[in-house]
Amino acid sequence: MKPALSLSSAVLFDHQALRDQFPALKQTIGDHPLCYLDTAATSQKPQAVIDAMTEYYQLNNANVHRAAHQLSARATQQYEAVRQQVAEFIHAQRQDEIIFTHGTTESINMVAYGLTSQIKPNDVILIDTAAHHANIVPWQELAKRTGAVIKPIPLTTNAQLDITAFDQLLALKPKVVTLCHVSNALGTLNPVNELVAKAKAVGALTLVDGAQAIAHLPVDVQLIDCDFYVFSGHKMYGPTGVGVLYGRYTELDKLTPMLTGGEMIKTVSFEQTEFGALPNRLEAGTPAIAEVIGLGAAIHFLQQLPREQILAHEQQLLRYLQQQLQQLGAIELYGIANDKHSGDKHCADGQRHNIGAVAFNLQGEHHQDVGILLDQQAVAVRCGHHCAMPLMTSLNLGGCCRASIGIYTNKQDVDQFIHALNTVKGLLL
Amino acid sequence: MLNPSTAPSPQLFSPLSDELVEAVNLIEQANNWQDKYRQIMLLGKLLPPLAPEFKQADAQVKGCESQAWLYHYTLNGRHFYLADSDARIVKGLIGLLLVACQGKTTEQIQQFDVKQYFDRLGLSGQLSPSRTNGLTALAQAIVAYTQDVGT
C-alpha cells in the first residue's frame with residue numbers, strides 16, 4: 001500500500017472535538033476501538049441530542065396540542081419550534097409544509113396512499129432503479145389499488161441514473177416520478193434539480209427520497225422544486241422514530257390521510273367527520289414528541305458546524321477510502337462516479353460524486369463472510385442487499401458490503417477498516 | 001417448517017466423517033479468532049456439497065443474508081441432514097450444527113443445547129437472533145424437522 005494520504009487540508013476545524021461529542025464512538029469492542037462505518041444505516045447521536053430528549057422527559061413531558069396546562073404549552077411550543085426549524089433547514093416556504101412522521105418509510109407510504117384518489121388505471125409511475133424498497137413497495141401497492149403501471153428508470157453500466165432512458169420514459173407522461181437524492185446502497189448522487197425539472201415539464205408529481213442526502217448535503221426543496229421530499233431523523237444524528245414529510249402546500253393538502261383519529265380532526269360526529277388543516281391533518285395520534293425535540297437538537301447541532309468544511313472533509317475522506325480500497329487489490333467497487341456531468345449544484349467540478357458510502361465486494365468472496373470477519377475486528381459495515389434488491393439485480397449482484405461515513409468519521413477509522421479488510425483478505429483468499 | 005418439493009436421494013444422507021468431528025475440536029482449541037474462523041471454513045469444505053439442482057427456494061432457510069438450504073431424512077428413528085450455503089463461514093457454522101445433530105434421535109436433537117455448544121466453541125456471538133447469518137433459524141429448522149416425524 002502507498003503511504004496514507006494526508007487529510008489535513010480539509011480539516012480547518014477541530015475534528016477531534018466534534019467527534020468527542022458522540023459518546024458511542026468512544027468504546028472498544030474486544031481489543032479494538034469501535035470502527036463505525038455504518039452511518040448510512042443509522043448515525044450515532046451527539047450528546048446534545050441525548051440531552052435534549054432527556055431534558056424533555058425530565059422537565060417538559062406532556063402531550064402536545066391539547067391541554068391547557070403549562071407543561072403541555074411548553075411541550076407544544078418546543079414541538080412546533082422544531083417544525084419551524086425543519087422548514088428553515090430545508091428551505092420550505094411555510095412551516096405547515098412540514099409533517100412529522102416516524103421516518104422516511106412512513107413518509108413515502110403517506111404520499112403513495114394519499115395519492116390513491118388522484119391515480120387512474122394505466123397512469124405511469126417512474127421509479128429510480130437505485131431506490132430503497134421503501135421507495136418501491138408503497139408505489140407497487142398504489143399501483144395494485146389503482147391499476148397504475150410501474151416503470152423502473154434504468155441505470156447506466158456505471159450504476160448512475162440513465163438520463164437518456166429517463167428522457168425517453170418521460171414521453172409516457174408519467175403521473176409520478178420518484179427518485180433517490182443519494183442511493184443508500186451505493187452512495188451515488190442524482191442530479192435531482194435537473195431530473196425534477198424534466199419530470200415537472202411533463203406534468204408529473206415528484207418525490208425525492210432524501211434519507212441518505214440530508215446528513216451530508218445542504219438541501220433546498222424550493223431549488224430542487226420537488227413536490228415531496230422525505231427523510232429520517234436517525235440518519236442525520238437525530239433519534240430513531242421520527243422523520244419528515246415535506247410537501248408543496250397545494251399537493252400536501254390534497255393527500256388523503258393514511259392515518260385518522262387524534263388531533264387531525266376539526267369536528268367528529270357519528271354521521272360525519274371533518275378533517276383539520278395541515279399540518280395536523282396528516283399527524284394523527286400522539287406524535288413522537290421527544291424524538292421531534294431530539295431532531296430539533298440534531299438540526300441545531302448541524303447548523304452550528306461549518307457545514308461546507310465538513311462536506312469537504314467527508315468528500316476527501318470518501319475519496320481516500322475509495323483509493324485505499326483500490327490499492328488493497330482484489331476489490332470490486334460499485335457505482336463509483338467518474339462520468340462528466342454538469343447541471344447539478346453539487347457538481348461544481350463537473351464530476352458526479354458519491355456521497356457518504358462506498359459499495360464493494362472482495363473478488364469472488366461472499367459479502368457475508370467479509371462482514372463476519374470484519375465484525376471480529378470491531379469494524380461495523382453493512383453487508384447484504386441494502387434493501388435495494390432491484391438495484392442489486394440490475395448490477396447482477398447477490399449483495400455487497402457498504403462502508404459509510406458521517407461527520408465524525410476520521411482517517412483512523414478508514415485506516416483501521418483497510419487494515420481489517422486486509423486481514424480478511426489474507427484469511428479468505 | 002421447510003417443505004421442499006424435491007429432495008436428494010436417501011443414500012446421500014449419511015453419517016459425517018471423523019474428519020469433521022475432529023474439525024470441531026480444532027475450532028474449540030483455536031486460540032485466536034483468525035484460527036477459529038480459518039478452521040470453520042475448513043470444516044465447511046469438508047461438508048458434502050449440495051448438488052446445484054437442490055439449491056431450491058423451497059429448501060431455503062429464511063433469516064439468512066446468505067443463501068442456505070437444508071434437507072432432512074429419517075432412518076430408523078435417526079435424523080440425517082444435508083445442508084449448504086453460498087457463504088463459506090455460514091457453511092462452516094452449519095457444519096458445526098450438523099456434526100452435533102447428524103444421526104441423532106429425536107430426543108437427542110430436541111435436548112441439544114445449541115447455545116451451550118456455541119459458547120463452548122467460543123462462538124456465542126454468532127448465535128444472536130440479530131445476526132443475519134441465519135444460524136438461529138437453521139438451528140430451529142433442524143429441530144423443527146424432528147417435530148414433524150410421522151406426519
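This is a predicted model: local features need pLDDT of at least 70, side-chain atom pairs count only at pLDDT 80 or more; totals for chains, interfaces and linings use all residues.
**Entry 1: secondary structure.** I began with the elements of chain B. I found six helices and three strands in chain B. I then read them along the sequence and wrote down the pattern α-α-β-β-α-β-α-α-α.

**Entry 2: overall dimensions.** I looked up the extent of chain B along its principal axes. The C-alpha atoms fill a box of roughly 45 × 30 × 30 Å. I next compared the radius of gyration with the rule for a compact globule. For 151 residues the rule gives a value near 15 Å, and chain B has 14 Å, so the two agree.

**Entry 3: burial and contacts within the chain.** I recorded that 37% of the 151 residues of chain B count as buried. I also examined the sequence separation of the contacts in chain B. Taking contacts between residues at least 6 apart in sequence, I noted that 63% join residues at least 24 apart.

**Entry 4: contact between the chains.** I asked how many residues of each chain take part. Ten residues of chain A are in contact with 13 residues of chain B. On the side of chain A that touches chain B, the elements that give two or more residues are α12 (367-375) and β16 (382-384) of chain A. I noted that α12(A) supplies the largest share of that side, with four residues.

Technical notes
Residues are numbered from 1 along each chain as its sequence is written. Chains are lettered from A and ligands numbered from 1 in the order in which they are written. The radius of gyration is taken over C-alpha atoms; the globule rule is 2.2 Å times the number of residues to the power 0.38. A residue is buried if 20 or more other C-beta atoms lie within 10 Å of its own, exposed if 12 or fewer, and partly exposed in between; C-beta atoms are placed from the backbone. Two residues are in contact if their C-beta atoms, placed from the backbone, lie within 7 Å.
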